[in-house]
Amino acid sequence: MASGSPPPVKRSEIFGWCCFDFANSSFTTIIITVVYATYFSKAVALDDPGASSWWGRALALSQLMVIVLAPWLGAVADFTARKKRFLMWSASVCSIATACLFFTGANDVLLALTIVVIANIAFSVSENLCASFLPEISTPESVGRISGYGWSFGYLGGLLSLGLALIIIQGLQASARWTFLMTGAFFLLASLPTQLLLRERAVPKPLPPGANYFTVGWRAIGRTLRELPTHRTLAIFFLAFMCFLSGLMAIIAFASLFGQNVLHLTTTENIILFAALQITSALGAFGFGFFQDRMGAKPSLVIALLLWLVVSVWSAYCQTKTEFFVIGAIAGLGIGSLQSASRAEVAALTPPGRGGEFFGFWGLFGKLGGVVGPLTMGELATRFGYRTAVLLNGIFFLAGLLILLTLSLPKGSKASAEA
């Protein structure tokens, strides 16, 4: 927890923090993974053979821009004590851009991808800023559990947004475009408890003579880059994190396209599949949060990565929709545990008072994965087909596992001491 004399953390504040995960999951679930990815391929790109590559390149471009922006923004947020304000601004931009996807239709490829890039940049920045509050609202003994609460709330938010999408498409027989308006509104409204309950604990720092926020931010980044090698465990963990996030972000970006193109799932079947996945993801995040606090991050991450290796190989050879639903359930456990354990371990290894800065680098390495994974998957799928692409994507999980096995990740308060 951050040093100084901030007000004590209440359960209501932890709830408010978790609500942001609940809110922003609607964007990744509906836009990036389930509905808009297939809408773009079919209704906007009109099944053009290059649609997979275009989608992967757009997501990669957005992550490249976040790589440049996030560490600087995190450092400035720490310096100005405006993390919460930046968080809500970025959430608002993502919500508005998401709603604007309603206006994209046949052959609006450039417009659609431009809006997706803007929305995904804002989403990714807000994700980093939200995560940077975790060291302030947790202790080394509770960080895994609280991170798990957040991810569990997130998957419940994804489940609810999928349910609303199913009502719009099946119950009301409306165009899938209306789900994009719903998602923008869902993100904005569901993040209101965060605005009301989460506290800004940092204290603003005066600018040095002759400095401005632009130079202060980049100086802080330079300092962190110089210091990062001295935080050996954290630096190597970031490398492993980048590897397995490459694999995970590729799956998130292309799972519905795989189901559509390989197993011919309908939009409704995709929604039902991912609704089931949200449930197992919530269980994975919640259960592994407690497991991590008891057993440590390393066993949690190793189990999750082994699950993803199973998912990668089995997906490449599965033949039926039933098989794919079973794979989706396993993948859900892997998603929840992998993301929750990773965020909690970074929080445990982050020096006090520098959450925005170091979680900016958490975002940087994660977004590098967001560049490499979707870009690689899109190119492989276009050239060799989805089965080969998903099999080769397993190499990212294997690389992350091998790097992780070289690390000693202490449990509880020891983690902070050895950062």
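## Cysteines

Cys318 is buried, with a relative accessible area of 0%; buried means under 20% relative accessible area, exposed over 50% and partly exposed in between, using a 1.4 Å probe and protein chains only. Cys130 is buried too, at a relative accessible area of 1%.

A disulfide is a covalent bond between the sulfur atoms of two cysteines. Here a disulfide is counted when a pair of cysteine sulfur atoms lies within 2.5 Å, and by this rule there are zero disulfides. For Cys130, the closest cysteine sulfur belongs to Cys18 and is 8.5 Å away, which is too far for a bond.

## Basis of the model

This is a predicted model, in which local features need pLDDT of at least 70 and side-chain atom pairs count only at pLDDT 80 or more, while totals for chains, interfaces and linings use all residues. Residues are numbered from 1 along each chain as its sequence is written, and side-chain values use heavy atoms, with hydrogens and water left out.

Helices (H or I, at least four residues) and strands (E, at least two) are DSSP runs, numbered from the N terminus. Helix H2 spans residues 36–44 and is mostly covered, with seven of its nine residues buried. The buried residues in H2 are Tyr36, Ala37, Thr38, Tyr39, Phe40, Ser41 and Val44. Just after H2, Leu46 has a positive phi of about 55 degrees.

Two packed helices are described by the angle between their axes and the distance between the axes. The axes of helix H1 (residues 11–34) and H2 come within 4 Å and cross at roughly 30 degrees. Axes are lines fitted to C-alpha atoms, for helices over the stretch in contact, and angles run from 0 to 180 degrees between N-to-C directions. H1 and H2 are therefore roughly parallel to each other; angles under 35 degrees count as roughly parallel, over 145 as roughly antiparallel, 65 to 115 as roughly perpendicular and the rest as oblique.

On the H1 side, Ile30, Ile31, Ile32, Thr33 and Val34 meet Tyr36, Ala37 and Thr38 of H2, where contact means heavy atoms within 4.5 Å. The residues of this contact of H1 with H2 comprise six nonpolar, two polar and no charged. In that count, Ala, Val, Leu, Ile, Met, Phe, Trp, Tyr, Cys and Pro are nonpolar, Asp, Glu, Lys and Arg are charged, and the others, Gly among them, are polar.

## Two residues of helix H5

Phe123 is in helix H5 and is buried at 6% relative accessibility. Leaving aside neighbours within four places in sequence, Phe123 is in contact with Asn24, Phe27, Thr28 and Cys94. Pro140 is 17 residues from Phe123 in sequence, and the two are 27 Å apart, C-alpha to C-alpha.

Glu127 also lies in helix H5, which covers residues 109–131. Glu127 counts as buried at 18% relative accessibility. With neighbours within four places in sequence left aside, Glu127 is in contact with Trp151, Trp362 and Lys367.

## Ser191

Ser191 sits in the loop between helix H8 (177–190) and helix H9 (192–197). Ser191 is buried, with a relative accessible area of 1%. Apart from neighbours within four places in sequence, Ser191 is in contact with Phe20, Ala23 and Met88. The C-alpha atom of Ser191 is 36 Å from that of Glu323, 132 residues apart along the chain.

The side chain of Ser191 reaches the backbone oxygen of Phe187 at 3.1 Å.

Definitions and conventions
Polar contact = N/O pair within 3.5 Å; in protein donor to acceptor, adjacent residues only side chain to side chain.
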